Each structure stands twice: as C-alpha cells, then as structure tokens.
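Here is a short briefing on a ligand site and on aromatic pairing. Please look at the structure first.

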Amino acid sequence: MSSNARIQNGDRTDLQACAAEDGSTGLAAAGAVLTIDLGAIRANYRLLCERLGGGRCAAVVKADAYGLGAEKVAPALAREGCDTFFVAHLGEGIALRKILGALPEIFVLNGLPPGSEEFCAAAGLVPVLNSEAQLAAWREHASRAGKTLPAAVQVDSGMARLGMPPEEVDRVAADPHAFDGIELKLVMSHFARADEPHEASNAEQRSAFEALAQKLPPAPRALDNSPGIFLDAGRHFDLARPGCALYGINPQPGGRNPMRPVVKLEAKVIQTREVPAGTGIGYGHAAKALEPMRLATISLGYADGWHRRATSFAFFAGKRLPFVGRVSMDSIILDISALPPGSLAPGTLVELIGPHQSVDEVATQAGTIGYEVLTGFGHRFHRVYLDK
Ligand SMILES: *Cc1c(COP(=O)(O)O)cnc(C)c1O
C-alpha cells in the first residue's frame, strides 16, 4: 500500500474507496477533479426567474452546457421547471432531445444547415431561422411533409452576426405566404454589448428589435442573454435566454457577481522536490530559482484547457501557490515554499478554481472570458456532480 493511495485533503477520503464507489477507476486514475454543483445551477436559474418578474426563463445549454455536461445540467434545470432550452448546433439539439424526452421546447440557434430540414423536424426541434433562405427551406419542407412546423425567427437588431437584416424582414413581412405551414413560436435577437451596461447600443438594439418584431406575425419575443437580464430599466420581453449566469459566470463584469459559484477544479500533486538556488525550472528554463525553493508538480496542463499563457495560482490550506515556469501539456509546476514542509504529497488535491479563485479570475489571468475557460475544459477530469 503506497502513500499515493490516499488523498490528504480535508473532506476527501481514501482514493480506493472513491474508485469502488462508482465502479470505475474514477478519481484514482484521474489527474484532476471537476466538481459541478447542480444545486447551484438550479439556484441560479431561480434567481434569474425572480429577476425577470413575469417573463419566462429558458436555459442555454449549447456546447455541452458550457462544458459542464448537458446530460446532467439540462435535466436538473427541467426539474426546476425550465421547459425551454437553446442549443447552438442541430446535432446538439438531437442529442438533447434524447436526454430530455419529447416535452421541452428545444431551439437551435445556428439555424438550419442546408439539407438538414428532415433531421430537425424528426427530432421535434425548433430551428431559429436566420435568413429568408432558411425560412423558405423550412416552409418548403413543411409543405412537402404536409405538416405545420414550428420555427423561431431571429432578426439582426445590430450585431451583424446572425439573423435577418432589416431589408429581409421587410421582404418577408410583405409576403403574405412567407409563413405558410409555419407556426411562429418566437421572434428573437441578440445583444452585442449587454455586458457594457452604459453602452448606448443596448437601448438602440432594444428599439430596433421592437420595430422589426412588429413587422412579423405576432409571437413571443426574446432578446436578453445573461447580462441583458441585468440591464436596468429594460423591458425583458417574453422569454430570456441566459447561459453563462446559470454556470456561475458574472453577468455584470466589473460588478458584484450575484450568481452562485458552480464549478470547483482541483488537481492532484504528482511529485514534490526541493531545488537549490540557480535551478532552471520547466520548459525553456523559463523560470529560475533565485534561492532554494520547494516545488510541486500537479497533473493538469494545457491539454485540459488551462491556458498556457495564463499566469495563475493554485491554493492549498488558504495559501496561494504561484505557477513557476511554463504550463506543460499535462502538468504545471507550483512554488510551494509558502507551505510548511510535508504539507503536500502525491495525491493531495490543490484548488485551481473554487472558493479562493473564481472562473472569472482565472479567465482574466489568461486574457480571456469565463465562457472560454468552461468550454475549454478537456475530457480528462474526473467529474463529480453535487445536487442538493
Ligand atoms: C450563447 C447565447 C446566449 C446565452 O448567452 P450568455 O451570455 O451566456 O447568457 C443567448 N442567446 C444567444 C443567441 C446566444 O448565442
């Protein structure tokens, strides 16, 4: 029995007990543990619902629920009363339909790729039609199938990414047969700068959206993403589409984060060592010990989505442990000189994201946004789902 069979970190028990619990090698074989708090996601959903007053709240679960696992996240939200979901790609919608069953409404934001109409209809998905051409293809499919098919229409209120530009909206509005065989479920648009609450473009987009939606057949309207829900003095329309806020990312960058943290990421120590002054550390000897140092190498690297350029820290027992030298593919070297000798041993878990360091802080260190940190997580983590 070797000492690395034990994790010496507070609330965790014997590695081998963990392995036995879920019948797999689980934590024992993994380099890092990602803990996802479904209870926090549900609490965040409730908070967003409250904030919306009477408006309905959908959930955006694209990109595998922002990397956190749509298979677990979507049913947890459904149990909280969420009955409307958004994905980006048709394939995600088909997979989500299997997870959620027939009832919830599933919208596909990126619309209908040419030739995909049949798959979309067969899975009972609602395509977000982003152009006149997509509307025509869906209408023709409805006519061929002899059915009425549901659809959302996205209008471009000022982002120039997806959606019908104003001139297309005008043409569609002028065509009395544009929506033949189509049940219009939603008219939507998307903010370019909702995370900058003082930007004039938010109010401009809101008015442009209202004016464009007015021209289309009557249907519920949706504009807000997570930051949009926190814009003040705003009308929230009928349905909001939050993603990041559900997953604990701050929807008001720069302000207090009203959301509950959802993710904890801990990596295992694989080796510790003491080095004398003058030692070159890691690839390129990008760091050098100026005095004797104690180091720990942890089993997480850029292949796990930790940005190679990030200057970051791990935490253990409340102490901040700076990264030393370059992030490797599978490992990172920490300066653990601040800890009493013997604090860390192979198998000990150190915190990378958690109470001491939020997803948003990690993103800032890497020059990116929390969305990219979450969706960039690799597939090697042992995942633990909490649901309280
Ligand atoms: C991703 C996305 C959302 C969710 O945005 P968050 O900022 O994560 O809340 C909403 N609507 C559209 C169209 C999107 O692409």
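A polar contact here is a pair of N or O atoms within 3.5 Å. The model is predicted. A polar side-chain atom of Arg161 lies 3.2 Å from an oxygen atom of the ligand, so the pair falls within the 3.5 Å cut-off.

- Gly243 places a backbone N or O atom 2.8 Å from a ligand oxygen.
- Cys244 also has a backbone N or O atom at 2.8 Å from an oxygen atom of the ligand.
- The protein covers 93% of the ligand's accessible area, which is 390 Å² for the ligand on its own.

**Pocket and shell**
- The ligand sits in the largest pocket.
- Two elements give two or more residues to the shell around the ligand: α4 (62-66) and α11 (226-229).
- In total, 15 residues surround the ligand.
- The closest are Lys62, Tyr66, Ser226, Cys244 and Tyr371.
- By class, the shell has eight nonpolar residues, four polar and three charged.

**Aromatic pairs**
- How many aromatic pairs does a search of the whole structure find? The search finds six.
- Phe86 and Phe107 have ring centres 4.8 Å apart and ring planes at 15 degrees, so this pair is stacked.
- The cut-off for stacked is planes under 30 degrees apart.
- Phe86 lies in strand β4 (residues 84-87), and Phe107 lies in strand β5 (residues 105-108).
- The pair therefore ties together parts that are 21 residues apart in sequence.

Terms used:
Residues are numbered from 1 along each chain as its sequence is written. This is a predicted model: local features need pLDDT of at least 70, side-chain atom pairs count only at pLDDT 80 or more; totals for chains, interfaces and linings use all residues. Side-chain values use heavy atoms; hydrogens and water are left out. A residue is near a molecule or strand if one of its heavy atoms lies within 4 Å of it. A polar contact is a pair of N or O atoms within 3.5 Å; within protein, one must be able to donate a hydrogen and the other to accept it, and residues adjacent in sequence count only if both atoms are side-chain atoms. Accessible areas come from the Shrake-Rupley method with a 1.4 Å probe; for residues, only the protein chains shown count as cover. On a 1 Å grid over the protein atoms alone, a cavity is a set of points where a 1.4 Å probe fits but cannot get out, and a pocket is an open set with protein on both sides within 12 Å along at least five of seven lines; lining residues have an atom within 4 Å of a point. A molecule sits in a cavity or pocket if more than half of its atoms lie within 2 Å of its grid points. Helices (H or I, at least four residues) and strands (E, at least two) are DSSP runs, numbered from the N terminus. Ala, Val, Leu, Ile, Met, Phe, Trp, Tyr, Cys and Pro count as nonpolar, Asp, Glu, Lys and Arg as charged, and the others, Gly among them, as polar. Rings of Phe, Tyr and Trp (its six-membered ring) pair if their centres lie within 6.5 Å; planes under 30 degrees apart count as stacked, over 60 as edge-to-face and the rest as tilted.
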